[in-house]
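I opened my notebook today to look through one protein model. These are my entries, in the order I made them.

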Amino acid sequence: MEQARDVHSNDAQGADGESAASASASANNSGQLAEGQSNPGEGTMVLQRAESWKDRYAQWRDNTSEQLNTLDLAPSLAENIGSGRWFRGLGTMLALGAVAIAFWPNFSALEAKPAMTTDAGVRDEFRSHMIMPLALGGDSGRQMSAGVQVIPLESAPERPQIELVATLAKGDGFSSMLRRAGVGSADAEKVAELVSGAVPLDEVEPGTRVDVVLGRRAEAGAPRPLDALKIRAKFDLELQVERGDSGNLSLRRNPIRVDETPLRIRGTVGQSLYRSARAAGAPASAVQAYIKAIDNQIDMNREIASSDEFDMIVSYRRAATGERQAGQLLYAGIDRGGEPKTQLMRWGKQGRFYEASGVGEQRNGLVAPVPGRITSRFGMRRHPILGYRRMHSGMDFRARHGTPIVAVTDGRVTSAGRAGGCGNAVRLSHGNNLSTRYCHMSRMAVRRGQNVRRGQVIGYVGSTGLSTGPHLHYEMYRGSRAINPASVNFVTRAQLQGRELIEFRSALNRIKSVEPGKALEDLVPTRKETEVPLREIEKIDTARKIS
Ligand SMILES: [Zn+2]
C-alpha cells in the first residue's frame with residue numbers, strides 16, 4: 001500500500017513515468033490478484049512443493065551414493081592388505097572409532113545434597129568439637145575471654161602431696177637422683193645416709209625405681225618435705241623411709257621372702273637341641289652355656305640322637321612379690337632311655353664343669369696365642385736383623401699392633417717385664433715342667449705371680465726389643481730347653497679326689513633331686529603376706545557369723 005501511495009505522488013513527473021508507474025501498479029494488482037486466486041487451492045500447492053523436495057532429495061541421494069560408491073570408503077579389510085584402497089578402508093574405520101570415542105561418556109560421582117546444611121555457625125560448632133593437632137596449637141573447644149566478674153587469684157593452691165617415681169640411672173648418685181626428683185638437699189642426704197646403713201649405695205642396681213611422696217611446703221618457695229620413700233634395694237630387701245610424728249625420717253626394712261629352688265628343664269632333643277630347649281622355657285644364655293658344656297664333653301653331632309632327652313638345671317630366684325631371676329647353668333645332662341648318658345655339674349671356685357665321675361672338662365691341646373698366620377717356624381734360619389743363620393727358638397705369628405695375646409693353657413705368670421731382645425715379655429709356667437714365653441709385647445696385661453686361665457688375655461702385640469715390626473714371638477720350654485711348640489699337644493683334665501669327690505657326688509645327687517618346673521610355680525604366700533587390713537564393716541560381719 002505504501003508503494004501505491006508513492007506511485008500516486010510520482011504522477012506529476014510525466015507520461016513515461018506515469019505509464020511505467022501504472023504498469024508497475026497493474027503488475028502489483030495482478031500479483032495481489034494471483035495470491036487471492038491461489039487461496040482456495042493451497043493444499044495442492046504444498047503437495048506440489050513436497051513432491052519437488054522429494055524429487056530433489058532422491059536426486060541428491062542418487063548422486064551422493066554414486067559419488068560415495070566411486071570413492072569406495074568401506075572396502076573389506078581382509079582383501080588386498082596394504083594397498084591404497086585398504087588404507088582408505090583403515091582410515092574410515094579409525095575415523096569411525098574416533099567418533100565413537102568422542103562420544104564416550106564421562107563417569108564421575110554424582111554429587112548428593114548434604115543431609116545437613118553447614119553454614120558458618122554450624123562450621124564453628126564443628127570446630128569447637130574437633131581435636132586440633134599439637135602442631136597447630138592443640139587447643140579445642142570454645143574459648144572465653146575473662147569478663148569483668150573474673151577476679152585473678154593471688155596464688156594458685158598446690159596439691160597437698162605429690163607422688164612420683166624416680167629411677168636410678170647408671171653412674172648416678174643416690175642423693176642427686178633424689179634432688180632431681182624434687183627432694184630438698186637436707187632430706188636427700190638424710191635418706192642416702194639411712195639407706196646406706198642397710199645396703200651399700202653402690203650395690204643398688206641401676207634402673208631401680210624409687211617411689212617418692214612429697215608433702216606440703218612449710219612456706220612458699222621452700223622445697224616440699226619428703227613424706228615417704230620406698231625402694232627395692234636388693235632382690236630380697238625393700239626399704240621404706242617414713243616421716244614420723246616427731247618430724248624425723250626413719251628407715252624400715254621389709255625383707256622379701258626369696259626362694260632359690262633351681263630351675264630344672266627337661267625335654268626331648270628333637271630336630272634342634274637349641275630350639276627344643278628354648279621352646280621348653282630355658283633362657284637363651286643357659287642354653288648356650290649348656291651346649292658349650294656338652295660340646296666340650298662329647299661330639300654333639302654324632303653322639304646325641306633326636307630321641308635323647310636334655311636335662312638342664314639353672315640357678316633361679318623367686319621373690320614372694322613375683323619377680324624372677326635366672327642365673328648361671330648349674331647342671332647339664334643328656335639322658336638316653338631314662339638313663340643318664342652324660343652328667344656335668346659346675347663345681348669349685350673357677351666354676352668349671354665336672355663329669356659325674358669327678359673328671360673335669362677335657363681341655364684338648366693349646367689355643368693359638370694370637371689369631372694370625374705363622375710367618376716363621378721353629379728351627380735354623382737367617383736372622384732378619386743380625387743377618388746370619390742361627391737357631392729360631394720359637395714361632396712367629398704375624399698380627400697387627402695391639403692384637404690381644406692369650407695364654408695357650410692354664411698357668412702361672414713367672415715373669416712379666418723387659419727381657420733384652422725379647423722386649424716386653426711374659427713367661428707362664430704350666431706345670432709338668434712346661435712353660436711358654438711371649439715376646440715383643442706393646443703392653444702387658446698380667447703381673448708376676450698371677451694365675452691365668454687358658455684363653456685369658458696376657459698382653460698385646462707390639463714390636464719391642466729386637467724386632468722388625470709388630471709380631472708375636474712365641475716360645476715353649478721343657479725345663480730350661482726351648483722346644484718346638486708345634487710338637488707339644490697336651491691334654492689337661494682335672495680330677496676330683498678324696499673328700500672333694502664325696503662332696504661333689506652328694507651335691508650332684510642333691511641338685512638332681514630338683515623336680516622339673518618346680519621353680520616356675522608361684523610362691524605360696526604366707527599368712528602374714530595375705531593379711532589385709534579389715535575394715536570396720538567387715539569386722540561387724542564376722543562378729544555376726546560367730547553369734
Ligand atoms: Zn721369632
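Which residues does Val-370 touch, not counting residues up to four places away in sequence? I found Phe-397, Ala-399, Thr-403, Ile-405, Val-461 and Leu-472. For touching, I used the contact rule: two C-beta atoms, placed from the backbone, lie within 7 Å.

**Ground rules**

I noted that this is a predicted model, where local features need pLDDT of at least 70, side-chain atom pairs count only at pLDDT 80 or more, and totals for chains, interfaces and linings use all residues. Residues are numbered from 1 along each chain as its sequence is written.

**Entry 1: Val-370**

I looked up where Val-370 sits, and it is in the loop between S11 and strand S12 (374–376). Helices (H or I, at least four residues) and strands (E, at least two) are DSSP runs, numbered from the N terminus. Is Val-370 buried or exposed? It counts as buried because 20 other C-beta atoms lie within 10 Å. The rule I used: buried means 20 or more other C-beta atoms within 10 Å of a residue's own, exposed means 12 or fewer, and partly exposed is in between, with C-beta atoms placed from the backbone. I also checked Val-370 against Val-461: they are 91 residues apart in sequence, yet 8.5 Å apart in space, C-alpha to C-alpha.

**Entry 2: the whole protein**

I wrote down 13 helices and 23 strands for the protein. Of its 547 residues, 19% are buried. Among contacts with a separation of 6 or more, 56% join residues 24 or more positions apart.

**Entry 3: strand S21**

Next I went to strand S21 (residues 457–461), where four of the five residues are buried. Which way does strand S16 (residues 404–406) pair with S21, parallel or antiparallel? The pairing is antiparallel, over three bridges. Two strands pair if DSSP finds at least two bridges between them. Ile-405 has Gly-459 as its bridge partner in S21. Strand S19 (residues 434–444) also pairs with S21 in the antiparallel sense, over three bridges. There I found Arg-443 opposite Tyr-460 of S21.

His-440 is in strand S19, and it is buried because 26 other C-beta atoms lie within 10 Å.

Asn-80 also has a positive phi, of about 45°, although it is not a glycine. I located Asn-80 in the loop between helix H3 (42–71) and helix H4 (84–102). Asn-80 counts as exposed because it has 12 C-beta neighbours inside 10 Å.

**Entry 4: the nonpolar cores**

A nonpolar core is a set of buried Ala, Val, Leu, Ile, Met, Phe, Trp, Tyr and Cys residues joined through C-beta atoms within 7 Å. The largest one here has 30 residues, and Tyr-290, Met-312, Leu-329 and Ala-332 have the most contacts inside it. Elements that each supply at least two residues of this core include strand S7 (263–268), strand S9 (324–336) and helix H11 (498–512). What gives the most to this core? I noted H9, with six residues. Another core lies apart from it, with 23 residues, among them Phe-397, Ile-405, Met-441 and Tyr-460.

I then picked Ala-332. Leaving aside neighbours within four places in sequence, its contacts are Tyr-290, Ala-293, Ile-294, Met-312, Leu-344 and Phe-353.

**Entry 5: helix H9**

I checked the length of H9: its 14 residues reach 20 Å from first C-alpha to last, close to the 20 Å expected at 1.5 Å a residue. The expected span is 1.5 Å times one less than the number of residues. Buried in H9 are Ala-286, Val-287, Ala-289, Tyr-290, Ala-293 and Ile-294. They are on the same side of H9 because they cover an arc of only 165° around the axis. The arc is that of the directions from the helix axis to the C-beta atoms. Their cover includes H8, S8 and S9.

**Entry 6: helix H7**

My last stop was H7, where the buried residues are Asp-187, Ala-188, Val-191 and Val-195. Their arc is only 95° around the axis, so they sit on the same side of H7. The face turned away from that buried side carries exposed Ser-185, Ala-186 and Gly-197. The buried residues pack against helix H6 (174–180), strand S3 (226–234), strand S4 (237–243) and strand S5 (249–255).
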